[in-house]
Structures are given as structure tokens and as C-alpha cells.
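I opened my notebook to look up a sheet and some charged pairs. Here is what I went through, entry by entry.

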Amino acid sequence: MAGNGDIQWCFSQVKGTLDDEITEADIISCVEFNHDGNLLATGDKGGRVVIFQRDPLSKLSVPKRGEYNVYSTFQSHEPEFDYLKSLEIEEKINKIRWLKRKNPAHFLLSTNDKTIKLWKVSERDKRIDGYNLKDDAGHLKDPLSVTSLRVPIVRPMELMVEASPRRIFANAHTYHINSISVNSDQETYLSADDLRINLWHLEITDQSFNIVDIKPTNMEELTEVITAAEFHPSQCNVFVYSSSKGTIRLCDMRAAALCDQHAKLFEEPEDPTNRSFFSEIISSISDVKFSNNGRYIISRDYLSVKVWDLNMDTRPLECFHVHEYLRSKLCSLYENDCIFDKFECCWNGSDRYIMTGSYNNFFRVFDRHTMRDVTLEASKEIAKPKTVLKPRKVNNVTTGGKRKKDEIIKNCRTVLTTIDWRSAPAVFETKCIGKTSACAIF
């Protein structure tokens, strides 16, 4: 803590290229910690998954910190082509979700727009030596040439981390998958696209149950789409999903097989004085997350982060403005499509702090107890270990009128930035399309 009681943030390390020459495939699209924070998985637009592991030796020197090193890299998805619809399916990883560890191996789900895969990541540091029917090169021998019985011996070998696909869940979504969420029972998970949410069992790949379907009979009557969905952290029958109209629906799977009728609807009362052409666009929710204790929900729209109490659906419990200075520039943002940018949000382990991304490599951290916030910047210019991050003041980025996109949003860096928060968890952000878009905190 700093002398005034504020949390002190400093850089820990940067993973990724800091060179100017980068390719589209190298841009990080999602990040996700495992449940104990020792592993961090990143997905990129090239369909690759890179897993970082906390160095156990450096962890001992500073508790809950430690440097992260590359643990495993594998190609999760490849580009495909839907010949029936003449549609290219990108290999970009949209989401990664870890399963809780039950044995020495790790399991994670990764998805692109259409296909979800379950991966097993395991270590091997021993090998079997002394087969009876194989020679030293591993080739089969003639059984008739074996004249004596050999007892195989387990010998140590250099550590090898293997990633193998265990299940492939495909052909269940007509539209692009925007969310996956593992249930608390660790046996099922949901996947959501623009109009439907499906429930899967981890052992069954050829069948899923459609639990939400908002597709109208006549597509001309379509008024909203699903933007995010997540299971409750402890109640396996409860999940929420958000929509482009700024609403959050809480559903109970015990009520009906098809959860078209929600149990609760969380929607902020509309203020007629602030009604404008852009109201519906900026109210679209891009991310929704349950708190760790399951009592609250946070939702992220274009300008703010809102905290909802599950017991009060009439209005948000708290509202934090992320970049309110952009409200006067919505016209320019609409003209260059920036108003449709999406940002993620997340809780810390105690549910006291909320973090979300912003433009120009800024990210915002809000303290729910003191109602104070801090704006920090993650950029290569100050990316030196143990560099204390100084709070930034965000002023108007534009002065009105028509502006080019680059005048409103600075260019991005394809780097993974680790930021330490005293003896608290580390935070990682990625920069994509000029903004801090993906964030994770444990």
C-alpha cells in the first residue's frame, strides 16, 4: 500500500513482441487464469494457445508474485471454410475457460466462432526403457527373436509438456460463439451465440441441449442479440445472459428445459432526459460476470461498469464511469465504428475491486468500498520490471468534429503485460484494436 492507503501498482513483466513488425495472427484475443493463478492461457487471432506458468523459484521470493515463463504452446484451431454458406471461419480464439484440476493434468476449453475443443495439458518427465517387443529405436521386433524376458525400467527424461485434444464440440451453432462458461458441477458447460445458448456435457460431443432460443420466426422482427453468458459460481442450475438492449436475464434451469422465461430481469430505468440516437448502442452490454461469492453481477457497456445485486433487479447497486469524456463525442465514434467496440471486465478475488479496459492502453480499477478509482496505462514505453505505475488523468481525446479513428484511439501493441498489485494477484491485459480489451484477475 502507498502512504495514503491507495494500492500501488507496478510492472512485473511483459510477454510478447515489442517490435513494430507484427502480424495480424499475433494479436492476443483472450486471456484466462486457471483457478490457482499458477497458469495463464492466452489465445490469439492465429488460433494458437500459449500457456504461461509461474516460476516456482521466483514465487518463493515474493509471495503471490513470481515471473511467468512459457509452459506450452499449441495450435488450437485452424481456418476453415463453410462450403454450404460460402463462409470463411476464422481460427481466432474467442474464449478460453479452465476446468478445475482433478489430477496432475490440466484441462481447458477453447473456442473460435464455430467449434469448441477440450484440451488436456499434461507433463511427462519419465520414460519406459526395456520393451520386450520393441528395439531401442521403438520399432517392433520379430516375436520369434525374443529369447528372454526383460523387465521394463522407468527412467527420468527431460520434462515434456503435451497438449492433446480430448473432445471436439462442433456443428451446434449457426451464429458466432461469443461465450463459454463451465458449470460449477465441472461436468457441463454452456456456449452462447447471438441467438441461442446450448448446454453441453463434457463427455458427449454429438449432442447438446438448447436452453435459450431468442430467434424470432421472422428475422425482420429481431430486436436484440445475446452478447455474453455465464454460469453461477456455485449454483449449477443458475446462469445469466446479457443482450444488446442493455438487459441481463437470470435463468433457472429447474423451471423449464427451455429457459425462454427468465427468473429475473435486470434493467436500468431509462432516463428520458438523456435519451438520444446513441442510447441503445451504448447501452449494449459487452461482458457480464458473477462475483466470486455469487451475490453480485457486473456488466460492462460502452461507457460504464455496473454492479447488480441478485436481490434487486430494479436498478444497479453501483455504477462506475469508465470513459465518460467520450459521451460528447459519440457522433464521431459512430462514424468510425468505434462506438461498437467491446470491452471486458473482471472481479478480484475478494470482490472488492473491479477492473476493465479503456482506450489508449488505459485500464481502470474501481474500489467498491471507497468508491475511488484509478486510471493506469500499460504500454511498452514504461514496461520495465518494478516500475511503479503512475495514475493517469484522462482528458478529452478529441475536440469535436469529424476525426479519424487514429486521432481518437492510439495504435496498439501486441504484448501481454503483467502488473503486480503489492501482495495481491497479478493482472494481465492485452491490447487489441487500440484498446485494452481483454483482462483477467485472480
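**Entry 1: a sheet**

I began at D287, which stands opposite R300 in β21. Strands here are DSSP runs of E of at least two residues, numbered from the N terminus. This is a predicted model, where local features need pLDDT of at least 70, side-chain atom pairs count only at pLDDT 80 or more, and totals for chains, interfaces and linings use all residues. Residues are numbered from 1 along each chain as its sequence is written, and side-chain values use heavy atoms, with hydrogens and water left out.

Next I looked up how β20 meets β21 (residues 296-300): the two run antiparallel, joined by 4 bridges. Strands pair if DSSP finds at least two bridges between them. I then found the open sheet of 4 strands, in the order β20-β21-β22-β23, with antiparallel pairing. At its edges are β20 (287-290) and β23 (318-321), each pairing on one side only.

**Entry 2: salt bridges**

I searched the whole structure and got 21 salt bridges. The term needs a side-chain nitrogen of Lys or Arg within 4 Å of a carboxyl oxygen of Asp or Glu.

I picked R167 and E203, whose side chains meet at 2.5 Å, N to O. R167 lies in strand β11 and E203 in the loop between β14 (196-201) and β15 (209-213), so the pair ties together parts 36 residues apart in sequence.

Is E203 buried or exposed? I found it exposed, with a relative accessible area of 53%, while R167 is partly exposed at 24%. Buried means under 20%, exposed over 50%, and partly exposed in between (1.4 Å probe, protein chains only).
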